[in-house]
Amino acid sequence: MVDLTCEWLGLRLRNPIVVGASPLCDTTEGASALVAAGAGAVVVHSLFEEQLIADQVSAQRYLDSHIDFNAEASSFLPETDVFAGGARPTLEHISRLADTLDVPVVASLNGVTPGGWTTYARELVGAGASAVELNLYDVATDLAETGEAIEQRQLRVVTDVVGTVDVPVSVKLSPFYASVPNFVSRLESVGAAGVVLFNRFYQPDLDLETLDIERHLEPSTPAELPLRLHALAILHGRTRVSLTASGGIHSGTDAAKAILSGADAVQTVSALLFEGPANLRRILDELTIWMDDQGYRNLDEARGATALDNVANPHELERLNYAQLLHSWSGA
Ligand SMILES: Cc1cc2nc3c(=O)[nH]c(=O)nc-3n(C[C@H](O)[C@H](O)[C@H](O)COP(=O)(O)O)c2cc1C
């Protein structure tokens, strides 16, 4: 009998398959179906910094105050509906999900600038969120802002959110840091309970006829997984934060690879967008069968089995692996 229970962000889960932040849990029925299919936890879609600032500004306008409420308010938004709507519907939805589901409901915030919007984390927890996932979606566009300044700014946001709530805070990261391990270690030192590896990036294409930007949100494929496996293998055993794989988990074998590399849990979205709860059940069944076949009785026995924490000099090994890979090419 395989035991899939696990510890994730200090929460006890019945299994490590988590529904990632997305519209998948935007209805109580949809979320309930995914939990009935076996999801260990669910993450609700993100509230964006821009949306929360707009919420604060409109609340302030409503109160008709003459105080300069928030430095962010004076310069904040391009004209758009994307950030309309405020936090209230999401807070109410989290409250409904927390009342209905018997697995942890995780709220998500997306922002990269320190400011009053981070206090919404407390409201999300008040609504019933068991943890907060903070997505640091940040694209460097300023030639004068250094990598160190960007990281300091992001660490301040994390510190603020961590200081605002009494539940675990997990940080969803981009792969593009000069040193992911160093940044994870700094996140740990400011109180993050976990990291989600990695964000997928918005990669617009161009229409050469109209010169318009084409925005298509392509679902992922398992080809995105190795980048995550590599980072997990480097981090496992070197940090106490929970490690979550996100990006390219489409099957139980994908989940197994992430766990072998060191993941405490995996998140999946694209695999569920079209095939829904039945695919979540399939992922869970495949993982269970694989563990049984391999003789693993629980996740602790499998986790990190292929990680790099026992390698004396991982940096040298990384260079060697790369050189060997190039040498292995034998022609088409
Ligand atoms: C339609 C859609 C909506 C998403 N919304 C969010 C979101 O609100 N917040 C967030 O952090 N990530 C969001 N994501 C990213 C996913 O959580 C996940 O990181 C990404 O899809 C990679 O996982 P996958 O390969 O399992 O799809 C969204 C993804 C999709 C496809």
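## Terms and model

Helices (H or I, at least four residues) and strands (E, at least two) are DSSP runs, numbered from the N terminus. The model is predicted: local features need pLDDT of at least 70, side-chain atom pairs count only at pLDDT 80 or more, and totals for chains, interfaces and linings use all residues. Residues are numbered from 1 along each chain as its sequence is written, and side-chain values use heavy atoms, leaving out hydrogens and water.

## The barrel

Eight strands form a closed barrel with parallel pairing. Their order is E3-E4-E5-E6-E7-E8-E11-E12. Two strands pair if DSSP finds at least two bridges between them. Strand E7 (residues 169-173) and strand E8 (residues 194-197) run parallel, joined by four bridges. Lys172 has Val196 in E8 as its bridge partner.

## Two helices in contact

Helix H3 (residues 88-100) meets helix H4 (residues 120-127): their axes come within 8 Å and cross at roughly 30 degrees. Axes are lines fitted to C-alpha atoms, for helices over the stretch in contact, and angles run from 0 to 180 degrees between N-to-C directions. Contact means heavy atoms within 4.5 Å. H3 brings Arg88, Leu91, Ile94, Ser95 and Ala98 to the contact, while H4 brings Glu123, Leu124 and Ala127.

## The largest pocket

A pocket is an open set of points on a 1 Å grid over the protein atoms alone, where a 1.4 Å probe fits, with protein on both sides within 12 Å along at least five of seven lines; lining residues have an atom within 4 Å of a point. The largest pocket is lined by 45 residues. Closest to its centre are Tyr137, Arg200, Phe201, Tyr202 and Leu217. E4 gives the most to this lining, with three residues.
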